[in-house]
Amino acid sequence: MPILDNFSLGNYGLGGPDGVKYATGLFTTGPGTLTVIGFDGQTYTTAPVTISGLGFKPIRIVIEMVAVTSYGNVTTYPSSNGLMADGKQTYFIGGLNYANHKVDGVQSYVVDGGFRLGVYAVNSQFRWHAYG
């Protein structure tokens, strides 16, 4: 069970009777790219991180670069400021000039069992954390 502020996430009924669901892993981005829609309506090219088989729908996702090569290499869902764009939740891609991007359900999504979000760098290793 992961630890949060020295308390097990399963303590005190957090997340209901089953506790908070959590999964983590490593993912290496390939040379392929993903086109995402920014909060401003523009499109941007990112590297996709696609994870499946979680067994729950994540409500919080953090994707961090393992060997940080520049600043801002953390993607978070939902974005920390909770912005919405055209009624869609946004997520944050550190390292991009315009960092809030739409979860449009096609290019980027968060569904029961997994997610696909963009990150800053291709051919790089990322550690992801999903909470449900």
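A search of the whole structure finds two aromatic pairs, where rings of Phe, Tyr and Trp (its six-membered ring) pair if their centres lie within 6.5 Å, with planes under 30 degrees apart counted as stacked, over 60 as edge-to-face and the rest as tilted. In the pair formed by Y22 and Y131, the ring centres are 4.9 Å apart and the planes stand at 45°, so this pair is tilted. Because Y22 belongs to strand β3 and Y131 to strand β13, the pair ties together parts that are 109 residues apart in sequence. Y22 is partly exposed at a relative accessible area of 28%, and Y131 is also partly exposed, at 25%; buried denotes under 20% relative accessible area, exposed over 50%, and partly exposed the range in between (1.4 Å probe, protein chains only). The rings of F115 and W128 have centres 5.9 Å apart and planes at 75°, so they form an edge-to-face pair. Since F115 lies in strand β12 and W128 in strand β13, this pair ties together parts 13 residues apart in sequence. Both F115 and W128 are buried.

The model is a predicted one, in which local features need pLDDT of at least 70 and side-chain atom pairs count only at pLDDT 80 or more, while totals for chains, interfaces and linings use all residues. Residues are numbered from 1 along each chain as its sequence is written, and side-chain values use heavy atoms, with hydrogens and water left out.

Strands are taken to pair if DSSP finds at least two bridges between them. Strand β3 (residues 22–28) is joined to β13 in the antiparallel sense over seven bridges, and the bridge partner of Y22 in β13 is Y131. β13 also runs antiparallel to β6, with six bridges between them, and M65 stands opposite F126 of β13.

A further arrangement is an open sheet of four strands in the order β4-β5-β12-β11, with antiparallel pairing. β4 and β11 (109–111) stand at the edges with a single partner strand each, so one side of each has no neighbour in the sheet. Three bridges join β11 to β12, and Y109 stands opposite R116 in β12.

The largest nonpolar core has 24 residues, of which L54, I63, F115, L117 and W128 touch the most other members. Such a core is a set of buried Ala, Val, Leu, Ile, Met, Phe, Trp, Tyr and Cys residues joined through side-chain atoms within 4.5 Å. Strands β4 (34–37), β5 (43–51), β6 (60–65), β9 (88–93), β12 (114–119) and β13 (125–131) each supply at least two of its residues. With residues up to four places away in sequence not counted, the contacts (heavy atoms within 4.5 Å) of I63 include V49, V74, F115, L117, F126 and W128.

S79 is placed in the loop between β7 (74–77) and β8 (84–85). At 3% relative accessibility, S79 counts as buried. Not counting residues up to four places away in sequence, S79 touches Q89, T90, Y91, F92 and N100.

Across the chain of 132 residues, buried residues make up 38%. Among contacts between residues at least 6 apart in sequence, 59% join residues at least 24 apart.
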